[in-house]
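Subject: Handing over the protein model

Dear colleague,

I am passing on the structure that we spoke about, and my notes follow below it. Please read them with the model open beside you.

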Amino acid sequence: MSAPVKRAAYTAAKSVIPQASRAVTPAQAKNIVPNATSSTETSMPWEGWFTSFLNKSLGDKTYQKLRSYIVFMPQDIHNLEQQPLPGTRVPLTEDGKITAQFRYPSPGSQPRVVQPDEDDGTMYEDPYIGSYYTRDTRRRFDDPAFPNPELEAAKLAILPEDDPRVKEMMENFEEGPKSSPGNKGMFATGHSDIDSLRAAMSTNHASVNESLDDNMPDHLPAPNWWDEQTKVVEWHKEKKLPIPIGRTEWGTIPTRGRLARW
């Protein structure tokens, strides 16, 4: 094929092939807009010619009856194919008005994902920080090795000070935990100024407790009966019962606990 014929064929193909589906150079790729929908034309027009021939020759009623004898699960909309065809519409409602389609709309035609920022100005705005122990205030002091220091100080205060065991406990309490002192930013690759909670090797108890103090809840939760206090009082007065503190929620006390013992 001569060069002019090649150029003419290339120009004709370039005008026929859609811009988003033809081969492009790396420089052109960033300017190509993806197709909003997939092609509706089949690339295998010969597929299903035999069934179409039978349906046309026998009639739809006879063909469907014959098909139900031969084909396993003839009502399967996917025709027993594991991968749904792009053009197959799966009904989501009984009337069939709402349907779903494989990769439709296509990912290229959907808007870009917007990832919300969390705690701007802190280390948690980094999406690669997945640590939760620095904000796990609910399980704080659950570990017997790290109890509540205020509670431990109150326990030691009521114990006899001249007891040698109490003195030893006081010394251990004042010394604090000995584990996980952190590497103080000295890594194998050299010194780093990153936050001590950014890496497991630099994490220490002081920084963890400081982070937990900053994330401790500062709200006062109200019980379920808070907005119905008047009803609770009136109900007990009407039945001439002593007014309790709060309201007993359903199912919190077993039946035997509500029976009179006299």
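Read from one end of the sequence to the other, the protein follows the pattern α-α-α-α-β-β-α-α-β-β-α-α, which amounts to eight helices and four strands. Helices (H or I, at least four residues) and strands (E, at least two) are here DSSP runs, numbered from the N terminus. Please keep in mind that this is a predicted model, in which local features need pLDDT of at least 70 and side-chain atom pairs count only at pLDDT 80 or more, while totals for chains, interfaces and linings use all residues. Residues are numbered from 1 along each chain as its sequence is written, and side-chain values use heavy atoms, with hydrogens and water left out.

Of the 262 residues in the protein, 13% are buried, where buried means under 20% relative accessible area, exposed means over 50%, and partly exposed lies in between (1.4 Å probe, protein chains only).

Rings of Phe, Tyr and Trp (its six-membered ring) pair if their centres lie within 6.5 Å, and planes under 30 degrees apart count as stacked, over 60 as edge-to-face and the rest as tilted. The rings of Trp 49 and Phe 50 have centres 5.7 Å apart and planes at 75 degrees, so this pair is edge-to-face. Trp 49 counts as exposed because its relative accessibility is 60%, whereas Phe 50, at 45%, is partly exposed. The other pair, Trp 225 and Trp 226, is tilted, with 6.2 Å from centre to centre and 40 degrees between the planes. Here Trp 225 counts as buried at 19% relative accessibility, while Trp 226 counts as partly exposed at 45%.

Next comes helix H6, which covers residues 164–175 and reaches 17 Å from its first C-alpha to its last; this is close to the 16 Å expected, a span defined as 1.5 Å times one less than the number of residues. At the start of H6, a side-chain oxygen of Asp 163 comes to within 2.9 Å of the backbone nitrogen of Arg 165, and just after the helix Gly 176 takes a positive phi of about 85 degrees. Further on, in the loop between H6 and strand S3 (186–187), you will find Ser 180, which is partly exposed with a relative accessible area of 42%. The C-alpha atoms of Ser 180 and His 205 are separated by 6.9 Å, although the two residues are 25 residues apart along the chain.

Another loop, between strand S2 (99–101) and H5, holds Asp 136, which is buried with a relative accessible area of 12%. The side chains of Asp 136 and Arg 139 are joined by a polar contact of 2.7 Å, a term for a pair of N or O atoms within 3.5 Å; within protein, one must be able to donate a hydrogen and the other to accept it, and residues adjacent in sequence count only if both atoms are side-chain atoms.
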